[in-house]
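Trainee: I would like a close look at a single part of a structure. Please put the sequence and model up first.

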Amino acid sequence: MLNLLPPEIKQRQRTKSLFYSLTSIYVIILVLLGLGVAGLTTWKFVLQTEISSKQSRVDQLSSQRQGKKEVIAQAAFIEDRMKVAKQFQESRQWETMLNTVAEATPVDVELTKLALTTAESTKTLTLSVAGTTNNRRSIVLFRDKLATIENLSTVAIQSITEGPDRQFIFSLEATYKDAKKS
Amino acid sequence: MKHLTHNLYFWLASLVVLGIALILGIFVYSPLFAQVNESKRQSAELDKQIASQEQFMTTIQALSREPETLQALNEQASLALPSVPQPEILQLQLEGLLKSVELGNATIDVPLSAATQTKDSAATVTRFSITGSMSFAQTKTLLIKLRTLNRWNKISGVTISKGENISQVTIQGEAFSRPANQTTFSGGRDFLTQATKLFSSYDSYTTIPDIKKEGTFGKDNPFGP
């Protein structure tokens with residue numbers, strides 16, 4: 001169909017139509033913005049309702065907790081002791097230390113004294129052994145055997161004296177390597 | 001389009017829309033987003049709190065259902081590491097231990113008023129010593145039993161001297177006491193199992209004196225036999 005309207009009128013009509021379209025778009029944008037505000041406000045409201053219900057659950061749990069104060073105190077005490085158990089318990093196997101010395105003692109040596117002592121300040125554990133034998137070589141063998149014990153260091157003969165009936169009285173001393181552990 | 005840009009109403013409408021969008025963006029959207037985000041953060045934080053408190057309360061409820069076990073564990077914990085030195089209880093515990101290895105004649109020395117602080121002052125140390133005639137095997141058994149005694153202790157020295165028939169042995173050690181530092185309970189799920197496992201690994205050789213359970217009291221003449 002031919003449009004016989006003058007070009008100015010045609011142009012004005014086109015401009016008008018474009019203006020209406022743009023206005024509609026603007027209105028839609030404004031409506032969407034308004035809907036966005038409404039949506040966000042609703043979301044905020046829903047979240048706040050959720051928060052207040054969760055807060056009351058927390059309060060309810062707290063009051064339940066208050067009601068179990070005595071049980072909690074008992075459990076806290078037990079837990080406190082469990083945490084420090086290792087700190088206040090013996091970690092060394094003293095009987096094993098005695099066994100290793102016994103196993104290292106030559107058959108012709110008789111011990112007269114065996115002492116395992118911890119130094120107060122350094123916590124160093126020292127082994128002191130005294131004994132008798134009628135074989136001087138056994139004293140050296142005893143020292144050398146003690147030196148093979150993994151945890152022992154600086155094993156040294158402190159004294160050898162000859163007693164009556166060719167009995168040799170000796171003393172040995174050694175330090176434990178892991179002595180500072182506990 | 002060219003004619004539209006010459007249209008005053010177009011510019012007016014555009015400016016109004018832009019203005020409204022800007023105002024909404026700055027004064028409404030921005031604070032609303034901030035509030036929503038803050039609410040989401042609070043909600044998530046509360047979720048965490050609820051989850052941890054519910055788990056805590058589940059543990060507490062489980063503990064409440066076993067008051068006797070909890071009481072027994074509390075007593076064992078208190079014996080293992082008492083809040084105050086209790087040297088007189090340590091004497092009884094050591095006496096019971098010695099009787100169990102047939103060393104009733106051995107001497108126990110626990111000074112009643114000589115407790116000292118540890119280096120970090122976290123605990124109090126009560127020194128003790130056991131002296132007696134015993135065989136090498138008995139000495140080793142005694143050392144093992146001391147390690148599993150229900151009063152935590154550390155041995156500081158062992159001296160064995162050869163006697164005429166049997167060796168003279170002195171064992172020196174330290175027992176500890178410490179006030180409870182912890183007032184809150186973590187609510188760990190396996191608490192009861194772990195506590196039972198730990199405290200059942202110790203041996204008790206005596207019962208703690210209890211006036212409700214033992215003793216006969218009341219004398220006409222307390223100076224009489």
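Trainee: Into which domains is chain A divided? Then, which residues of helix α5 of chain B are buried?

Mentor: This is a predicted model, in which local features need pLDDT of at least 70 and side-chain atom pairs count only at pLDDT 80 or more, while totals for chains, interfaces and linings use all residues. Residues are numbered from 1 along each chain as its sequence is written, and chains are lettered from A and ligands numbered from 1 in the order in which they are written.

Chain A is divided into domain 1 (1–89) and domain 2 (94–176), with bounds from an automatic or database domain assignment.

Now the helix (a DSSP run of H or I, at least four residues, numbered from the N terminus). In α5 of chain B, residues 191–199, the buried residues are F191(B), A195(B) and F199(B). Buried means 20 or more other C-beta atoms within 10 Å of the residue's own, exposed 12 or fewer, and partly exposed in between, with C-beta atoms placed from the backbone. Seen down the axis of α5(B), these buried residues fall within an arc of 40°, so they line one face of the helix; the arc is that of the directions from the helix axis to the C-beta atoms. T193(B) and K197(B), on the other side of α5(B), are exposed.

The buried residues of α5(B) pack against α2 (69–84) of chain A and against α1 (8–64) and α2 (67–80) of chain B. Contact here means C-beta atoms, placed from the backbone, within 7 Å.

How values were computed:
Helix = DSSP H or I, 4+ residues; strand = E, 2+ residues; numbered from the N terminus. Contact = placed C-beta atoms within 7 Å.
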